[in-house]
Amino acid sequence: MYQNLHITAIIPALNEEQAIAQVVGNLLALQDFSGRPLVDAVIVADNGSNDATAALAQAAGASVVFEPRRGYGAACLAAIAHIKATDVVVFVDGDGSVNARQVGYLLAPIAKGADLVIGSRTLGYIQAGAMTWAQQVGTAGVAAIIGLLWSAKVSDLGPFRAIRHPALQALGMQDTTYGWTVEMQVKALQLDFTIVETPVDCLVRLGKSKISGTVRGVFGAVIGMLGMVMRLRWRQWRGSLWHNEPSLPSHRLP
């Protein structure tokens, strides 16, 4: 609980047995100034792992849901469907690349009225070897295009982020792949949500990356993100933000 807000952390995971227990444990160990747990629930979405990811996550205290359909977005959607009631959803990678102690950096702007808070690696500290040059160039390029198309300040597309649950529901998230983070940011811009970027650390991950390990993987992810940007922009040009357009959330603070 953070300032009377119920916090749920979601971790999409595929073969992350080297780090998942540590990530879950670090999140559940976080406390506020009164010694109460900061994160109320952790949901790990196992995306078809063939190692001990699910068992280790559960042993560390997380709820585990299974989504055999591969894709970052598919895993996130499965975890979201598992939420019964919460105020804020925090998305965390399960590979150890996130400093769990910085969850509070994301939650502070939320408590002050922000709808979506992006943990920006660009504004923060990137440990040597944590991001390849291809990742950094590709991310910067897509972020620049989003900023140009929507006249917004976008420094990063980092997966470490927090969003109010009503706002998340209003976005009607659909992407099942690596266009997920871009879809969330662009739709939030289209709905004129209050978006805040805050500096966070980017650490060297544990285990082998599914994307950044190869130039082909990074290139494929960038193409997917650009495709998402163009689709959402096209729908906006046509006068419809997206299919089954949701209504604005009613959670805004005065």
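Visitor: What makes Val229, Met230 and Arg233 contacts of leucine 149?

Guide: Contact means heavy atoms within 4.5 Å. Leucine 149 touches Val229, Met230 and Arg233 on that criterion, with residues up to four places away in sequence not counted. This is a predicted model, in which local features need pLDDT of at least 70 and side-chain atom pairs count only at pLDDT 80 or more, while totals for chains, interfaces and linings use all residues. Residues are numbered from 1 along each chain as its sequence is written, and side-chain values use heavy atoms, with hydrogens and water left out.

Visitor: Why is leucine 149 called partly exposed?

Guide: Buried means under 20% relative accessible area, exposed means over 50%, and partly exposed is in between, for a 1.4 Å probe and protein chains only. Leucine 149 has a relative accessible area of 25%, so it is partly exposed. Its place is in helix 5, residues 133-149; helices are DSSP runs of H or I with at least four residues, strands are runs of E with at least two, and both are numbered from the N terminus.

Visitor: Why does proline 199 count as partly exposed?

Guide: Proline 199 has 38% relative accessibility, and therefore counts as partly exposed. Proline 199 lies in strand 7 and touches Tyr105, Ser120, Leu123 and Gly124, leaving out residues up to four places away in sequence. Its C-alpha atom is separated by 7.4 Å from that of threonine 122, 77 residues apart along the chain.

Visitor: How do you know which strands are at the edges of the sheet?

Guide: Two strands pair if DSSP finds at least two bridges between them. Seven strands form an open sheet in the order 3-2-1-4-6-5-7, with mixed pairing. Strand 3 (63-66) and strand 7 (195-199) each pair on one side only, and these are the edge strands.

Visitor: What makes a group of residues a nonpolar core?

Guide: The members are buried Ala, Val, Leu, Ile, Met, Phe, Trp, Tyr and Cys residues joined through side-chain atoms within 4.5 Å. The largest such core has 34 residues, of which Ile11, Leu27, Val42, Val44, Val90 and Leu107 touch the most other members. Elements giving two or more residues to this core include strand 1, helix 1 and strand 2. A second, separate core of 26 residues includes Ala75, Ile118, Ile163 and Trp180.

Visitor: Why are cysteine 76 and cysteine 202 called buried?

Guide: Cysteine 76 has 0% relative accessibility, so it counts as buried. Cysteine 202 has a relative accessible area of 6%, and is therefore buried.
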